[in-house]
Amino acid sequence: MMGQTLAQKLLARAAGRTSVVPGEIVTCRVDLAMMHDSGGPRRVKPMLEKLGAKVWDPARVVVVTDHYVPAHDADSRRIVQIARDWVNEAGVTRFHDMEGICHVVVPQKGYLQPGMFAVGGDSHSCTGGAFGAYMFGVGATEMLGVLVTGEIWVRVPQTIRMQWHGRLGAGVSAKDMMLRMCTQFGMDGGQYQAVEYAGEAVAALPMQERMTLSNMTAELGAQVGLVAPDATTRDWLLAAGVAPERIDIEPWQSDADAACLAVHDFDASALAPQVSRPHTPADADDVDVFGQVGIDVAYIGACTGAKLDDLRMAAEVLRGRRVARGTRLLVAPASAADQQRAAQEGTLAVLTDAGAELLPNACGACAGYGEHRFGEDSVVISATARNFKGRMGAASSQVYLGSPYTVAASAIAGRIADPREVLA
Amino acid sequence: MSAQANRFTGRAWVFGDDINTDLLAPGAYMKFGIDEIARHCMEAVDASFAANVRPGDVVFGGRNFGAGSSREQAVEVLRHLGVAAVVAPSFAGLFYRNGFNLGLPLLTCPALPAVAPGAEVGCDIDTAQVFIAGGAPLQCEPIFPHLVAMIRDGGLVPHLARKIAAGQLTVNEEVQ
């Protein structure tokens with residue numbers, strides 16, 4: 001038998017098969033179903049009632065409030081309250097209210113392990129792929145189907161292998177790798193297949209940087225973005241409280257002779273910090289092209305750009321420095337746990353001493369659902385994933401994307417700036 | 001009315017590449033019900049669309065239609081406004097699943113020719129054909145049979161309801 005990719009092995013297990021073939025449609029048993037306040041209970045509760053159905057297995061369901069918290073008006077309060085009431089009705093005990101963004105909270109709670117098959121009611125659910133789990137985003141109606149049946153159909157994808165050779169230079173991060181790949185292949189470059197990130201540079205990345213790769217697989221247009229688990233994965237999960245016997249590494253690797261749709265090779269050491277122009281992540285260039293772009297706001301937030309490792313990158317740049325006069329640096333740590341760790345180790349103080357304003361542990365301006373939206377004509381550089389026109393603020397606002405390093409360096413300079421000049 | 005004329009259900013609305021979910025269902029209105037979100041559908045691209053689109057009209061998009069969020073309101077607004085189908089050279093994968101789950105047919109036509117805005121149009125899900133007045137039927141990629149079956153029922157919820165009623169699916173609670 002021909003070798004299987006990691007994606008095939010994960011789907012074969014979930015479908016109860018010994019192997020699966022790209023292109024075939026399989027029905028998979030769901031190990032974990034994650035929802036947030038916007039696409040979750042608010043949407044699925046009426047459908048469940050219409051069908052007279054109950055959740056197939058409440059122990060496999062996780063609900064996180066992150067989009068409409070903290071509630072700032074009657075509508076958002078109502079939406080969040082539906083989630084709080086529904087978890088009680090449905091018997092869902094894995095409920096995390098205002099503890100941070102779902103994609104970051106779920107692994108931190110130890111809910112994800114290599115080999116799992118999981119769905120999430122959010123496009124960035126592919127973040128789970130960093131742990132060697134087949135996890136992807138679905139809409140609320142599809143989630144309803146999962147809640148009723150415990151199953152979902154998948155067309156077995158081919159795999160696009162992204163091989164990053166060498167090591168990233170100082171001041172360059174996973175975010176830069178993703179902006180480069182999105183630009184090279186386009187937002188549909190993933191063709192809704194599986195992407196697997198591999199090579200020396202990926203192996204060297206800490207867990208939360210791998211999460212950034214998998215997270216922005218959504219912007220690359222693939223269904224999943226996988227990183228094969230290794231000792232880094234194991235250590236991180238053990239620290240998150242996962243029992244050692246639940247962490248399998250060896251079965252969840254692509255076979256050397258597995259056929260791929262494409263293999264792309266990159267030299268990590270040659271990658272410069274990347275910045276994407278408004279209004280698409282797939283329009284990035286080296287940071288030095290942007291030297292004259294003045295900014296009003298530098299935003300470090302979201303599941304993509306405000307995890308503990310992201311805050312550490314920003315602190316590396318900001319240590320002992322001040323945000324430029326006339327520029328605001330906004331920081332919304334991705335989870336309460338990350339914020340607490342950042343506070344304990346002094347990272348948070350570095351940010352606030354530099355003049356950063358702290359925002360709640362929620363999706364905030366990235367989702368653009370709440371009160372924190374950017375005003376008319378404001379120019380922003382953001383560590384988030386998506387800079388679609390009008391998403392994070394007024395249609396006239398101009399949002400550039402960069403890594404936490406680049407956003408921090410730009411905050412100091414008051415214009416888009418190369419973090420390597422600060423770190424040198 | 002001739003058989004040919006019956007194929008046409010409405011007019012064509014034509015958009016470019018990368019029509020994303022924030023354009024279809026803008027985030028600032030996501031806290032509201034579908035009628036309010038629908039009023040703002042595509043307003044950043046074409047402010048006349050939501051007010052003027054009529055039941056039976058067909059949306060023609062460019063590459064990667066529906067990129068971005070999992071928010072299925074991006075599909076639901078089009079259904080709410082009466083859009084009969086979306087035709088595009090390619091769809092974002094998540095949007096594609098959402099479309100069929102909510103009963104909105106999506107037709108993939110890799111070599112989609114230029115369509116005149118306002119042209120009389122229609123489509124046939126079974127044959128995956130699009131009809132444009134004055135031209136030959138446009139053959140699109142076939143739709144997976146299980147998705148055709150689902151859309152025949154009107155989407156995933158009525159599809160599940162039918163299966164439950166037929167005893168083909170057990171739910172964890174007695175059906176009332």
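**Notebook: domains, a sheet and a chain contact**

I began with chain B of this predicted model, and its domain assignment gives domain 1, residues 3-142, and domain 2, residues 144-176. I then looked up how far apart these two parts sit, and found that the centres of domain 1 of chain B and domain 2 of chain B, taken over C-alpha atoms, are separated by 25 Å. Where they touch, seven residues of domain 1 of chain B are in contact with seven residues of domain 2 of chain B. I sorted the domain 1 side of that contact by class and noted four nonpolar, two polar and one charged residues.

Next I turned to chain A, for which the assignment gives domain 1 as 6-266 and domain 2 as 274-423. The C-alpha centres of these two domains of chain A lie 24 Å apart, and their contact takes 37 residues from domain 1 of chain A and 37 residues from domain 2 of chain A. On the domain 1 side, I listed the elements that give two or more residues, namely α4 (102-108), α6 (174-185), α8 (207-215) and α9 (217-220) of chain A. Of these, α6(A) gives the most, with six residues. By class, this side of domain 1 of chain A divides into 14 nonpolar, 16 polar and seven charged residues.

I then followed the sheet of chain A, an open one in which five strands stand in the order β4-β3-β2-β5-β6 with parallel pairing. I noted that β4 (94-97) and β6 (134-137) of chain A are at the edges, each with a single partner strand, so one side of each is left without a neighbour in the sheet. On average, neighbouring strands of this sheet are turned by 15° against each other, direction ignored.

Looking within the sheet, I found that strand β2 (residues 32-36) of chain A and strand β5 (residues 117-120) of chain A pair in the parallel sense over three bridges, and that the bridge partner of A:Leu32 in β5(A) is A:Ala118. Helix α5 (residues 140-149) of chain A packs on the sheet and touches β2 and β5 of chain A, its direction making about 140° with that of β2(A). Helix α3 (residues 74-90) of chain A lies across β3 (61-65) and β4 of chain A, and runs at about 150° to β3(A).

Last, I looked up where the chains meet, and the contact takes 39 residues from chain B and 44 residues from chain A. On the chain B side, the elements that give two or more residues are α6 (93-101) and α8 (156-165) of chain B. The residues of that side divide into 17 nonpolar, 14 polar and eight charged.

Notes
Residues are numbered from 1 along each chain as its sequence is written. Chains are lettered from A and ligands numbered from 1 in the order in which they are written. This is a predicted model: local features need pLDDT of at least 70, side-chain atom pairs count only at pLDDT 80 or more; totals for chains, interfaces and linings use all residues. Two residues are in contact if their C-beta atoms, placed from the backbone, lie within 7 Å. Helices (H or I, at least four residues) and strands (E, at least two) are DSSP runs, numbered from the N terminus. Ala, Val, Leu, Ile, Met, Phe, Trp, Tyr, Cys and Pro count as nonpolar, Asp, Glu, Lys and Arg as charged, and the others, Gly among them, as polar. Domain bounds come from an automatic or database domain assignment. Two strands pair if DSSP finds at least two bridges between them. Axes are lines fitted to C-alpha atoms, for helices over the stretch in contact, and angles run from 0 to 180 degrees between N-to-C directions.
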